[in-house]
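Hi everyone, thanks for making time today. Let me put the structure up on the screen, and then we can walk through it together.

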Amino acid sequence: MKFSIKKYLFHIIHVIYLTSFCYTEELNNEKLIYDINFRIFSAGEATFESHIDSINNEEVYKIVSKTISNKFLDRFYKIRDQIDIWIDKDNYSLLKINKKIKEGRYKRNFSAIIDQQQSLAIYKNKTKKVPKIVFDPLAAIYYYRTLNLKKNNQYDFFTFDEGKLKEITLKVTDTENIKTPLGRFQCFVLKPFSKNGKKLFKNNGQMTIWISNDEKRLPIKIEQNTSIGKLVLNLRKYSKF
C-alpha cells in the first residue's frame with residue numbers, strides 16, 4: 001500500500017493533476033476539490049485553488065495544489081504535499097514553482113524560475129535551456145481547458161518538471177458521459193503521450209483525463225492505470241470564492 005500510493009499518486013497529481021467550447025472564465029478565485037481513490041480504497045483529497053497574483057508588477061495566475069491523505073491512510077503513509085505554481089495570465093505557461101513534498105518519511109523541496117526572455121529554467125544553482133513557452137505538468141490542465149478540443153485532435157507542447165524537459169503530445173481520443181460526486185457530464189477524453197515514443201510513466205502506466213464539454217471546461221476525472229492498480233481522482237466540488 002505504501003509503495004503504490006507513493007509511486008502513482010505523485011504522477012497523477014503532477015500531470016494533473018485535460019469542444020466546441022473554449023474556457024473563457026477567469027481563473028481568479030476558482031477552487032476544485034477531488035476525492036482520491038486507489039483500487040477500492042478511499043485515499044484522501046486533492047485541492048486546486050487559483051487566483052490572481054503578481055511577479056515583477058505583472059499580473060499572473062497563482063495555482064495552489066494540496067494533497068492530503070485521509071485518516072485511514074495516515075496510519076500507514078501520511079501525505080501532506082503543497083505545490084505553488086505561477087503561470088502566465090495569457091498563455092498559462094510556467095513562470096515559477098515551489099514544491100513541498102511530505103510523503104511518509106520522504107521529504108523534498110524544489111523551486112524553479114523560468115526566464116522567458118533568456119529561455120532558461122533556473123533551479124538548484126543550475127540553468128537549463130528550455131523553450132520560451134513551457135508548461136508545468138500540473139498547471140498544464142488549465143492550458144488544456146483553453147483548447148478548442150475536438151475528437152481525434154492532438155496538441156504538442158513541452159513540460160518542465162524538477163529539471164526534466166519533456167515534449168508531450170496530447171490526444172483527444174473519444175467523448176464519454178462521466179458521473180462523479182458533482183454530477184454527470186459529457187466529456188472529452190484526453191491522453192498524454194511522450195513525443196519521442198518513450199513511456200511517459202513507469203511500468204507502462206497510462207493517464208486519462210476527462211474534460212467537460214461545457215463553458216466551464218472542468219477537469220472532471222483523472223485516472224492512472226498501472227501494473228498494480230488504478231488510481232482515480234473524481235471532482236467532488238467546484239466553486240468560485
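How many salt bridges does a search of the whole structure find? The search turns up 14 of them. Before I show you some, please keep in mind that this is a predicted model.

Let me begin with Arg-236 and Asp-35, whose side chains meet in a salt bridge at 2.8 Å, N to O. Arg-236 sits in strand β14, residues 229-240, while Asp-35 belongs to strand β1, so this pair ties together parts that are 201 residues apart in sequence. Arg-236 is partly exposed, at 32% relative accessible area, and Asp-35 is partly exposed too, at 22%.

Another salt bridge joins the side chains of Asp-74 and Arg-80, with 3.0 Å from N to O. Asp-74 has a relative accessible area of 23%, which makes Asp-74 partly exposed. Arg-80 is also partly exposed, with 30%.

Then there is Lys-230 with Glu-223, a salt bridge at 3.9 Å, N to O. Are these two partners buried or exposed, or something in between? Lys-230 is partly exposed at 39%, whereas Glu-223 counts as buried at 9%. Salt bridges can also share partners, and that is how Lys-99, Arg-108, Asp-161 and Glu-162 are joined into one network.

Strand β9, residues 154-161, pairs with strand β10, residues 164-180, in the antiparallel sense, over eight bridges. Which residue of β10 stands opposite Gln-154? That is Lys-171. Two residues lie between the strands of this hairpin, and Glu-162 takes a positive phi there, near 50 degrees.

If you follow β10 along, you will find Thr-180 in that strand. Thr-180 is buried, with 7% relative accessible area. Leaving aside residues up to four places away in sequence, Thr-180 touches Phe-185, Ile-220, Asn-234 and Leu-235.

Now for the aromatic rings. A pair of aromatic rings is described by how far apart the centres are and by the angle of the planes. The count here comes to eleven aromatic pairs. One of them is Tyr-34 with Phe-48, an edge-to-face pair with 5.6 Å centre to centre and 85 degrees between the planes. Tyr-34 is in strand β1, residues 30-38, and Phe-48 is in strand β2, residues 41-55, so the pair ties together parts that are 14 residues apart in sequence. Tyr-34 is buried, at 0% relative accessibility, and Phe-48 is buried as well, at 2%.

Why is the pair of Phe-72 and Phe-76 called edge-to-face? The ring centres are 5.3 Å apart and the planes stand at 65 degrees, and an angle over 60 degrees counts as edge-to-face. Phe-72, which you will find in helix α2, residues 71-74, is partly exposed with 34% relative accessible area. Phe-76 is partly exposed at 42%.

Both of those phenylalanines also belong to a nonpolar patch on the surface, formed by Ile-40, Phe-41, Phe-72 and Phe-76. Together, these residues have about 410 Å² of accessible area.

Let me finish with one more aromatic group for you to look up on the screen: Phe-135, Tyr-143, Tyr-144 and Phe-157 form one aromatic cluster.

Terms used:
Residues numbered from 1 in each chain as written. Predicted model: local features only at pLDDT ≥ 70, side-chain atom pairs only at ≥ 80, totals over all residues. Heavy atoms only, no water. Pairing = 2+ DSSP bridges. Helix = DSSP H or I, 4+ residues; strand = E, 2+ residues; numbered from the N terminus. Buried < 20%, exposed > 50% of the residue type's maximum accessible area, 1.4 Å probe, protein only. Contact = heavy atoms within 4.5 Å. Patch = residues over 30% accessible without salt bridge, like charges linked within 9 Å, V, L, I, M, F, W, Y side chains within 5 Å. Areas by Shrake-Rupley, 256 points an atom, 1.4 Å probe, with all protein chains shown as cover. Salt bridge = Lys/Arg side-chain N within 4 Å of Asp/Glu carboxyl O. Phe/Tyr/Trp six-rings, centres within 6.5 Å; stacked < 30°, edge-to-face > 60°.
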